[in-house]
Amino acid sequence: MLVLVAPGQGSQTPGFLTEWLELPGAADRVAAWSDAIGLNLAHYGTKADADEIRDTAVAQPLLVAAGLLSASALGDIGPGAVAGHSVGEITAAALSGVLDDAAALSLVRKRGLAMADAAAITETGMAALLGGDPEVTVPHLEKLGLTPANINGGGQIVAAGTMEQIAALEADKPEGVRRVVPLKVAGAFHTHHMGPAVETLAEAAKALAPADPKVAYVSNKDGKAVASGAEVLERLVGQVANPVRWDLCMETFKELGVTALVELCPGGTLTGLAKRALPGVKTLALKTPADLDAARELIAEHAA
């Protein structure tokens, strides 16, 4: 069984979309998306520097566009399940048929702008903790006023909060944590700091007509497979202020009998986590179009 996964914010790098735009029809498709949402995706995916694509309002639509573009380049995929990390859940919603591409890009554009506005209220950030035991780390974070915003499995946790709280964490690491690594994101996502963005997204969601997913949609709120399109949309709205439980998603992959995992562009992060947490599951990350043939072979072997 194949699961198709979409990465979240922080996985983007300057120029990562360049080679994908050389595929037949890709540039025209991205140009149409850009016109629809009022953001030059081709520019940001090919010419913008790291600071420009770190902007939440830019990064989020760029990542969803890259995920959809790379998925379409694979052809008829036939996954048994889909899932996304953070903003990747919107990509997964489109891949599962809950939203069409236009609705997904419209929603992610509004999400990015709303989260950027929320992030501007207070100077906040996120940091990855390397090493440590979650049972020790989580209480320590809470003591410092931080939120375990991403619990990614394999012991990896990302903390989020004010920059003062992040600095306090660097000075007072939980027992067993080797390093605290600040992330290239522009706010404390998946925490109460994103409350204003939830209200904006809830209003935007009223205009959408979600369909029920055609394949198993694994939600990173709690790792559950959600069968209702309305519930998927409701979770997409609330997710911006709630922790990402990618560890529970991977537990569900085990329960579903997943044998292969393909991570859409810009892949790498989620396959790295899967290699540690899902031994025996074959993984492949789509980084450039050169990875497509190997991905198609894996899909042919493991897809439903």
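1. At what angle do helix 4 and helix 5 pack, and how far apart are their axes? In this predicted model, the angle between helix 4 and helix 5 is about 35 degrees, and their axes are 8 Å apart. Helix 4 passes helix 5 in a crossing that is right-handed. On the side of helix 4 the residues in contact are L63, V64, G67, L68 and A71, and they meet I90, T91, A94 and L95 of helix 5. Sorted by class, the residues of this contact comprise seven nonpolar and two polar ones, with no charged residue.

2. Helix 4, which spans residues 56-74, also meets helix 13, residues 292-302; the two axes come within 10 Å and cross at roughly 65 degrees. Since angles of 65 to 115 degrees count as roughly perpendicular, helix 4 and helix 13 are therefore described as roughly perpendicular to each other. The handedness of the crossing between helix 4 and helix 13 is right-handed. Helix 4 contributes S70, A73 and L74 to the contact, while helix 13 contributes L292, A295, R296 and I299. By class, five of the residues in this contact of helix 4 with helix 13 are nonpolar, one is polar and one is charged.

3. A further partner of helix 4 is helix 1, residues 26-37, whose axis comes within 11 Å of that of helix 4 and crosses it at roughly 150 degrees. The crossing of helix 1 and helix 4 is again to be recorded as right-handed. The contact brings A26, R29, V30, W33 and I37 of helix 1 together with P61, A65, L68, L69 and S72 of helix 4. Of the residues in the contact of helix 1 with helix 4, eight are nonpolar, one is polar and one is charged.

4. On aromatic pairs, where ring centres have to lie within 6.5 Å, the count comes to one. The ring centres of W246 and F253 are 5.9 Å apart and the ring planes stand at 80 degrees, so this pair is classed as edge-to-face. W246 and F253 are both buried.

5. G112 has its place in helix 6, residues 101-119. With a relative accessible area of 0%, G112 is buried. When neighbours within four places in sequence are left aside, the contacts of G112 are with T56, A57 and Q60. For orientation along the chain, G112 and L2 are 110 residues apart in sequence, and their C-alpha atoms are separated by 29 Å.

6. Two strand residues may be read together. N150 is in strand 4, residues 147-153, and is buried with a relative accessible area of 8%. Not counting residues up to four places away in sequence, N150 touches H85, M126, Q156, I157, V158, H190 and V244. T162 lies in strand 5, residues 156-162, and is likewise buried, with a relative accessible area of 14%. Leaving aside neighbours within four places in sequence, T162 is in contact with T122, E123, T124 and H193.

7. S86 has a phi of about 60 degrees; S86 is found in the loop between strand 2 (81-84) and helix 5 (88-95), and at 10% relative accessibility S86 counts as buried. H190 has a phi near 65 degrees, and its place is in the loop between strand 6 (177-182) and helix 9 (195-205). H190 is buried, at a relative accessible area of 2%, and is one of the residues touched by N150.

8. P266 is found in the loop between strand 9 (260-263) and helix 12 (269-277).

Terms used:
Residues are numbered from 1 along each chain as its sequence is written. This is a predicted model: local features need pLDDT of at least 70, side-chain atom pairs count only at pLDDT 80 or more; totals for chains, interfaces and linings use all residues. Side-chain values use heavy atoms; hydrogens and water are left out. Axes are lines fitted to C-alpha atoms, for helices over the stretch in contact, and angles run from 0 to 180 degrees between N-to-C directions. Helices (H or I, at least four residues) and strands (E, at least two) are DSSP runs, numbered from the N terminus. Angles under 35 degrees count as roughly parallel, over 145 as roughly antiparallel, 65 to 115 as roughly perpendicular and the rest as oblique. A crossing is left-handed if the near helix is turned anticlockwise from the far one by less than a right angle, and right-handed if clockwise. Contact means heavy atoms within 4.5 Å. Ala, Val, Leu, Ile, Met, Phe, Trp, Tyr, Cys and Pro count as nonpolar, Asp, Glu, Lys and Arg as charged, and the others, Gly among them, as polar. Rings of Phe, Tyr and Trp (its six-membered ring) pair if their centres lie within 6.5 Å; planes under 30 degrees apart count as stacked, over 60 as edge-to-face and the rest as tilted. Buried means under 20% relative accessible area, exposed over 50%, partly exposed in between (1.4 Å probe, protein chains only).
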